[in-house]
Amino acid sequence: MPRAYETMLIVRPDVSDEPLEQLLSSQEALLRENGVTQVEITNRGKRRFAGFEMKKFKEGLYIQVNYEAEPSAVAAWEKNLRINESVLRYMTLRVG
């Protein structure tokens with residue numbers, strides 16, 4: 001049974017607009033290949049980190065992804081996010 005999830009991605013701040021669009025479209029395609037429905041991607045903009053660095057960056061692009069998926073699809077997507085060099089961090093929450 002599909003469940004509602006929200007994933008917040010922090011992407012490297014030096015990724016320009018076109019590579020960011022390619023990254024997001026490839027991630028959305030990967031989600032849809034695993035049977036994910038109702039994918040909504042929102043760019044929350046560039047924000048400064050609160051007194052710390054992630055991989056030598058002091059700020060990052062925040063991307064919010066809301067979707068409905070099976071837990072196995074979420075695990076497969078997170079595995080892909082771990083090896084993606086453009087993604088600094090991510091966190092997935094089950095909504096509702």
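Strands, like helices, are DSSP runs numbered from the N terminus, and a strand needs at least two residues. The model described here is predicted.

## Positive phi angles

Most residues other than glycine have a negative phi. Gln-38, which lies in strand S2 (residues 37–48), has a positive phi near 50 degrees although this residue is not a glycine. The residue is exposed, with a relative accessible area of 55%.

Lys-55 likewise has a positive phi, of about 50 degrees, and is not a glycine. Lys-55 is found in the loop between S2 and strand S3 (59–69), where the residue is exposed at a relative accessible area of 59%.

## Salt bridges

Side chains of opposite charge can pair when their charged atoms come close. Searching the whole structure gives three salt bridges. In one of them Arg-12 pairs with Asp-14, with 2.7 Å between the closest N and O atoms; Arg-12 is partly exposed at 27% relative accessible area, and Asp-14 is partly exposed at 47%.

Within helix H1 (residues 17–33), Glu-28 and Arg-32 are four residues apart, about one turn of the helix, and their side chains form a salt bridge of 3.1 Å, N to O. Glu-28 is partly exposed at 25% relative accessibility, while Arg-32 is partly exposed at 42%.

Lys-46 and Glu-59 also meet through their side chains in a salt bridge, at 3.9 Å from N to O. This pair links distant parts of the chain, with Lys-46 in strand S2 and Glu-59 in strand S3, 13 residues apart. Lys-46 counts as partly exposed at 46% relative accessibility, and Glu-59 is partly exposed at 28%.

Terms used:
Residues are numbered from 1 along each chain as its sequence is written. This is a predicted model: local features need pLDDT of at least 70, side-chain atom pairs count only at pLDDT 80 or more; totals for chains, interfaces and linings use all residues. Side-chain values use heavy atoms; hydrogens and water are left out. Buried means under 20% relative accessible area, exposed over 50%, partly exposed in between (1.4 Å probe, protein chains only). A salt bridge is a side-chain nitrogen of Lys or Arg within 4 Å of a carboxyl oxygen of Asp or Glu.
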